[in-house]
Amino acid sequence: MTLHKLDRSTTEVIAGPVDPAVVISGQPETRAFVTYDAPAERLCAGEWEASIGKWRVTYDEWEYCLIVSGRCVVTGDDGTVITAGPGDAFVLEPGFTGTWEVLEPVRKHWVVRTP
């Protein structure tokens, strides 16, 4: 099959608080829905939601993000800052380290390519 309709209602929900060891502020929680998974191609896609808070992140994978609702700030340790809201898109590349800060509850669509 080469055509896939993505439907989060048929997927497993991965939910819970962000690891307290990386939280900088707030008590953020996330929920992820994997709506497409192609392990042979090292590719998956889905939706992600997060509540207000700020935490440290480290990326080993490549990720495309499209913000559907809410507002966030992603800040790299190199000083790069992306402030994003509905309709904004950005890419996080392997090796990125920095912080995710959710200013208003966020929902995003994502596509990840793993190493």
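What share of the contacts in the protein chain with a separation of 6 or more is accounted for by residues 24 or more positions apart? In this predicted model, such residues account for 63% of those contacts.

**Overall fold**

The protein chain contains zero helices and nine strands, and from the N terminus on its elements therefore run β-β-β-β-β-β-β-β-β. The radius of gyration of the protein chain is 14 Å, close to the 13 Å that the globule rule gives for 115 residues, so the chain is as compact as a globular protein of that length. Along its principal axes, the C-alpha trace spans about 45 × 30 × 25 Å. Of the 115 residues, 36% count as buried, while the chain exposes about 6,800 Å², of which carbon and sulfur atoms supply 54%. Among the side chains of the protein chain, 10 are positive and 17 are negative, and the centres of these two sets lie 4 Å apart.

In soluble globular proteins, nonpolar side chains tend to be buried together. Here the largest nonpolar core holds 21 residues, and the members that touch the most others are Trp48, Trp55, Phe90, Leu92 and Trp100. Two or more residues of this core come from each of β4 (43–50), β5 (53–58), β6 (62–76), β8 (89–92) and β9, with β9 giving the largest share, five residues. Leu92, leaving aside its neighbours within four places in sequence, is in contact with Tyr59, Glu61, Trp62, Glu63, Cys65, Val74 and Trp100.

| Residue | Strand | Relative accessible area |
|---|---|---|
| Val23 | β2 (residues 23–26) | 24% |
| Thr99 | β9 (residues 97–113) | 9% |

Because buried means under 20% relative accessible area, Thr99 at 9% is buried, whereas Val23 at 24% counts as partly exposed. Not counting residues up to four places away in sequence, Thr99 touches Ile24, Lys54, Trp55, Arg56, Val57, Val73, Val74 and Thr75. The C-alpha atoms of Val23 and Glu49, which are 26 residues apart along the chain, are separated by 16 Å.

Definitions and conventions. Residues numbered from 1 in each chain as written. Predicted model: local features only at pLDDT ≥ 70, side-chain atom pairs only at ≥ 80, totals over all residues. Heavy atoms only, no water. Helix = DSSP H or I, 4+ residues; strand = E, 2+ residues; numbered from the N terminus. Buried < 20%, exposed > 50% of the residue type's maximum accessible area, 1.4 Å probe, protein only. Rg over C-alpha atoms; globule rule 2.2 N^0.38 Å. Contact = heavy atoms within 4.5 Å. Areas by Shrake-Rupley, 256 points an atom, 1.4 Å probe, with all protein chains shown as cover. Lys, Arg positive; Asp, Glu negative; His and termini not counted. Charge placed at Lys NZ, Arg CZ, Asp CG, Glu CD. Core = buried A, V, L, I, M, F, W, Y, C linked by side-chain atoms within 4.5 Å.
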